[in-house]
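My entries follow in the order in which I looked things up.

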Amino acid sequence: MKKHGKKPGTSPKQYVDIIYQNSSGMLDLVNDILDAAKIQAGKFEISREPADIAEVLENRLAFFNISAADKKIRLQTVGSEKVPKSIPLDVQRVKQVLNNLLSNAIKFTTDGGSVTISTIMHEPGIPISTEVGKMKLQLPDSLPEAVFASLPQSLVVTVTDSGIGIDTANMPKLFSKFKQLDNKTLVPNSKGTGLGLAIAKGIIDGHGGSIGVVSRVGVGSTFYFTIPIADTSLKEIATV
C-alpha cells in the first residue's frame, strides 16, 4: 500500500505573516485615501529640508532589491556628478513617490529585465536631450523638451524599466485619481488602488516640480519627476 505523507499545516508564524500583510495593505489603502483627500482639499503639506538625493535612492534600492531579485530584474542607479549633495526636499514624501514608481516598474517588467534610476542636473537653456545624451541613458522615448524648456535649475529623477510599456491612449489616465490601467491580461496579479500616481503628482507639485512619463509598448517606460534646486519658491501645500 502506498503511503502518503501528511501535508504540513499553516504554522502560527505564517498566520502572523498573512495578518501582517493584509493589515499593512489595508493601512496603505487608508493612508492613500487620506492623502488623496488632503490633496483634493488643498491641505497636503510638504515639509522640506536639505537632503542628499543619492542617499535617498540607495535607501530605496536596498528596500526593493529583494522583490527585484525574485524576478531576476537588474536594479541599478546612474547619477550625474553635477547633482548637489544637498537639495531641499521632503525626504519621506519623495520616498513615497519612489516607492510607487519602483514598485510599478518591477511589477510590469518581465523576469530578467532591468529597472534603472537616474539623477540628472538640468540647467536652464540646455535641451534635456543633450543632458540625457551626455549620461548615455537608454530611454524608451525622448523626454518632452517642452516640459523642460521653461524649468529653472532642477534635479531630474527618472525611473526606466524594460517592461510592457504603456499605450499612448492610456497615458492621460495615469495621474488621475482612482484610475488604474487594465493590465490584468499581461500581469495577472496586478493590484492597486489607482491612487499612487495621483498622490505622487501631488507630492511633486508641492515641491514646485513636474511629473510625467514617456513609453513605448513592448519596449518599456520612463517615469520622471523634477524638483527645483533653489528654495526661493517653495510651496507648503499642493493641490491637485
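Helices (H or I, at least four residues) and strands (E, at least two) are DSSP runs, numbered from the N terminus. I note that the model is predicted: local features need pLDDT of at least 70, side-chain atom pairs count only at pLDDT 80 or more, and totals for chains, interfaces and linings use all residues. Residues are numbered from 1 along each chain as its sequence is written, and side-chain values use heavy atoms, with hydrogens and water left out.

I looked up the pairing next (two strands pair if DSSP finds at least two bridges between them). Strand 7 and strand 8 are antiparallel, over 6 bridges, and V213 stands opposite F223 in strand 8. Strand 6 also runs antiparallel to strand 8, joined by 8 bridges. There, D161 has S221 of strand 8 as its bridge partner.

**The cores**

I then looked up the nonpolar cores, each a set of buried Ala, Val, Leu, Ile, Met, Phe, Trp, Tyr and Cys residues joined through side-chain atoms within 4.5 Å. The largest has 43 residues, and I53, I87, V115, L174, F223 and F225 have the most contacts inside it. Helix 3 gives the most to this core, with 7 residues. A second, separate core of 11 residues includes I120, L137, L143 and Y224.

I checked I87 for contacts (heavy atoms within 4.5 Å). I87 touches E49, P50, A51, I53, L155, I227 and I229, not counting residues up to four places away in sequence.

**Helix 2 against helix 3**

I looked up the packing last. Helix 2 and helix 3 pack at about 35 degrees, with axes 10 Å apart; axes are lines fitted to C-alpha atoms over the stretch in contact, and angles run from 0 to 180 degrees between N-to-C directions. Among the residues that meet are I53 and F64 in helix 2, and V91 and L98 in helix 3. The residues of this contact divide into 10 nonpolar, 4 polar and 2 charged, with Ala, Val, Leu, Ile, Met, Phe, Trp, Tyr, Cys and Pro counted as nonpolar, Asp, Glu, Lys and Arg as charged, and the others, Gly among them, as polar.

How values were computed: Buried means under 20% relative accessible area, exposed over 50%, partly exposed in between (1.4 Å probe, protein chains only).
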